[in-house]
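Keep the viewer open as you read.

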Amino acid sequence: MSTAKISGGCLCGGLRYEADQAPGLAGFCCCADCRKASGSGFIPFMSFPAAVIRFTGEARPFRSTSYRGGEAVRNFCPACGGLVFGGEIGKDDRHTVYAGSLDDASAFEPAVAIFLRDKPDWVELPTGIATFELMPG
Ligand SMILES: [Zn+2]
Ligand SMILES: [Zn+2]
């Protein structure tokens, strides 16, 4: 994995992020909520500790009930509607970044797919990644 900075943002460039290190867990979330939120079959995600990633610009959060019963927060740009990251700034100790927002899309190295139970048949996952009916562990 590269040690270069990882950066990205929404379609209009109003909501941006920069991370100092490569992500931890990266993969595809096939849960029904990510499908609805993205308008796609899954969301490609990367997980970062909150301490290594900085966000700039206005983020509009949307809250829904998570699988574990808590709150899932997905943040999008209020101007262009692009989905950029998950989690609440200043509250959560990790953030999920949606990999489609990367400036360099090749920085995404998926290793897992989660919530296979919700995956539509028309989504074909790459071979060689670990898959989970729900979450790992
Ligand atoms: Zn935008
Ligand atoms: Zn999901």
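## Cysteines and the zinc site

Start with Cys-31: its relative accessibility is 11%, so it counts as buried. Bear in mind that this is a predicted model. Cys-34 is buried too, with a relative accessibility of 6%, and Cys-29 comes out as buried at 7%.

What do Cys-29, Cys-31 and Cys-34 coordinate? Through their SG atoms, these residues hold the zinc ion (ligand 2), at 2.1 to 2.3 Å. Reading along the sequence, the donors follow the spacing C-x1-C-x2-C. Cys-10 is another buried cysteine, at 11% relative accessibility. How many disulfides does the structure hold? The count is zero. As a reminder, a disulfide is a covalent bond joining the sulfur atoms of two cysteines.

## Aromatic rings

Searching the whole structure turns up five aromatic pairs. One of them brings together Phe-28 and Phe-42, with ring centres 5.1 Å apart and planes at 85°. Planes over 60 degrees apart count as edge-to-face, so that is the label this pair gets. Phe-28 sits in strand 3 (residues 26-29), while Phe-42 is in the loop between helix 1 (32-38) and strand 4 (43-49). That puts the partners 14 residues apart, and the pair links distant parts of the chain.

Is Phe-28 buried or exposed? Its relative accessible area is 9%, so Phe-28 is buried. Phe-42 reaches 24% relative accessibility and counts as partly exposed, because the buried class stops under 20%. Elsewhere in the model, look for Tyr-17, Phe-55 and Phe-85, which form one aromatic cluster.

Now for the charges: side chains of opposite charge can pair when their charged atoms come close. The structure holds eight salt bridges. Among them is the one between Arg-16 and Asp-103, whose closest N and O atoms are 2.7 Å apart. Arg-16 belongs to strand 2 (residues 16-19), and Asp-103 to the loop between strand 9 (94-98) and strand 10 (112-114), so this contact ties together parts that are 87 residues apart in sequence.

## Arg-63 and its partners

Which residues form salt bridges with Arg-63? One is Glu-71, where the closest N and O atoms are 3.4 Å apart. Another is Glu-88, where the closest N and O atoms are 2.8 Å apart.

Arg-63 is partly exposed at 38% relative accessibility. Glu-71, at 47%, is partly exposed, and Glu-88 is partly exposed with a relative accessible area of 22%.

## A charged network

Lys-5, Glu-18, Asp-20 and Arg-54 are linked in a network of salt bridges.

Technical notes: Residues are numbered from 1 along each chain as its sequence is written. Chains are lettered from A and ligands numbered from 1 in the order in which they are written. This is a predicted model: local features need pLDDT of at least 70, side-chain atom pairs count only at pLDDT 80 or more; totals for chains, interfaces and linings use all residues. Side-chain values use heavy atoms; hydrogens and water are left out. Donors are N, O and S atoms within 2.8 Å of the metal (3.2 Å for Na, K and Ca); water is not among the atoms, so sites may look incomplete. Buried means under 20% relative accessible area, exposed over 50%, partly exposed in between (1.4 Å probe, protein chains only). A disulfide is a pair of cysteine sulfur atoms within 2.5 Å. Rings of Phe, Tyr and Trp (its six-membered ring) pair if their centres lie within 6.5 Å; planes under 30 degrees apart count as stacked, over 60 as edge-to-face and the rest as tilted. Helices (H or I, at least four residues) and strands (E, at least two) are DSSP runs, numbered from the N terminus. A salt bridge is a side-chain nitrogen of Lys or Arg within 4 Å of a carboxyl oxygen of Asp or Glu.
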